[in-house]
Amino acid sequence: MVEQIIFIIIAVLTIGSALVVVTNRNLFHAALALMVSFLGVAGFYVLLEAGFLAAAQLLVYIGAISILIIFAIMMTRRMMQTTEAPYNTQWGLGLIAAGLVLAILVFVVVGYWPLPPDASVYLQTRTQVSDAVIQNSVVELGKAFVSPDAYVLPFELASILLLGALVGAIVVAWPPQEEGEA
Amino acid sequence: MPLSWYLLVAAVLFSIGLYGVFARRNAVAILMAVELILNAVNINLVAFWRYRTPESSAGMAWAIFVLVVAAAEAAVGLALVISIYRNRDSVVAEEMDLLKN
């Protein structure tokens, strides 16, 4: 019962601030709402007993990506006054398309399509597992990341991807060189 | 608490992000909406991991990889926005038509 109440509070917080993100004219306020939304997602991870992911969410999303986005907004601030239209001319079509996607997803999740309701896995409640299994999951994850039988190759690829992306980001954002200076 | 609760919240978050990508003019706002979409996907991954296979590490590993790719995407995307802002004095997505014609 307590868990349901906490879930609903976090869900309202997350979805409410997500709506602010896509509707607010002031981009800076939208970025702050995005941070609240990330915090709500971290709350979901805690509810799902994925503590490591919740910590990673706090560090990577709230600590790094949000700050990066706020930097970008500040550097491009002059162009985006709040008087300018925040939406393009096709926002109505976008709303219809997003609503259709939502309707399809809800239809699938609620279980009337394509599965009959009684065959749905979505209504199952969580199986209780012992604390040891949950605590062990982080250990298992760490081992899996460096195990040749599991994810060592994707793990190394991810590190190369990050290195490439960050070097690429610096190169792209570097100020244009004057002639003769280079 | 049934699994569908988490999936419904993730579906709503995904659709909000999708609407943001479709409707926003500012490129930074579009990137923020993309982050919402990636977060919705991650909620799904973690919820399925906890409800279906809590003894396997596959679900968590996928969620971590999504996190890594999201960080890389944000860095490159924002660098592109700043570069375009510097060259064209605009961050409006529909005015980024350098590759047109």
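**Notebook: the contact between chains B and A**

Entry 1. Extent of the interface. I began with the contact, which takes 71 residues from chain B and 87 residues from chain A; contact here means heavy atoms within 4.5 Å. I note at the outset that this is a predicted model, in which local features need pLDDT of at least 70 and side-chain atom pairs count only at pLDDT 80 or more, while totals for chains, interfaces and linings use all residues. Residues are numbered from 1 along each chain as its sequence is written, chains are lettered from A and ligands numbered from 1 in the order in which they are written, and side-chain values use heavy atoms, with hydrogens and water left out.

I then looked up the buried area, that is, the accessible area (1.4 Å probe) that two parts lose on being put together, summed over both. The size of an interface is often given in this way, as the accessible area lost when the parts come together. For chain B and chain A the value is about 7200 Å², with 76% of it on carbon and sulfur atoms. On the chain B side, the residues that lose the most area to chain A are B:Tyr19, B:Arg24 and B:Arg50, which together account for 11% of what that side buries.

Entry 2. I searched for salt bridges, defined as a side-chain nitrogen of Lys or Arg within 4 Å of a carboxyl oxygen of Asp or Glu. The rule finds 1 salt bridge across the interface of chain B and chain A, and the count over all chains also comes to 1. I identified the partners as A:Glu49 and B:Arg50, whose side chains meet at 2.7 Å, N to O. A:Glu49 lies in the loop between α2 (27-47) and α3 (51-75) of chain A and B:Arg50 lies in helix α2 of chain B, so the pair joins two chains. For the elements I used DSSP runs, numbered from the N terminus: helices are H or I, at least four residues, and strands are E, at least two.

Are the two partners buried or exposed? A:Glu49 is partly exposed at 28%, whereas B:Arg50 is buried at 0%. I also recorded the backbone of A:Glu49, where phi is near 60 degrees, a positive value in a residue other than glycine.

Entry 3. Make-up of the chain B side. Which helix supplies the largest share of the side that touches chain A? I found that α1 (3-23), α2 (27-52) and α3 (58-88) of chain B each supply at least two residues, and that the largest share, 23 residues, comes from α3(B). By class, this side divides into 53 nonpolar, 9 polar and 9 charged residues. In this scheme Ala, Val, Leu, Ile, Met, Phe, Trp, Tyr, Cys and Pro count as nonpolar, Asp, Glu, Lys and Arg as charged, and the others, Gly among them, as polar.

B:Ile43 is buried, at 1% relative accessible area. Leaving out residues up to four places away in sequence, B:Ile43 touches A:Val41, A:Phe44, A:Tyr45 and A:Leu48 in chain A, and B:Tyr6, B:Ala10 and B:Leu13 in chain B. B:Ile43 and B:Ala10 are 33 residues apart in sequence, and their C-alpha atoms are 6.2 Å apart.

Entry 4. Chain A. The secondary structure of chain A comes to 6 helices and 0 strands. Of its 182 residues, 32% are buried. I noted a division into domain 1 (1-80) and domain 2 (133-173), with bounds from an automatic or database domain assignment; the domain centres, taken over C-alpha atoms, are separated by 23 Å.

I checked A:Glu3 in helix α1 (residues 2-23) of chain A. A:Glu3 is partly exposed at 31% and touches A:Leu47, A:Arg126 and B:Met1, neighbours up to four places away not counted. Finally, A:Ala54 in helix α3 of chain A is buried at 7%; beyond four places in sequence, A:Ala54 is in contact with A:Ala42, A:Tyr45 and A:Val46.

Definitions and conventions: Buried < 20%, exposed > 50% of the residue type's maximum accessible area, 1.4 Å probe, protein only.
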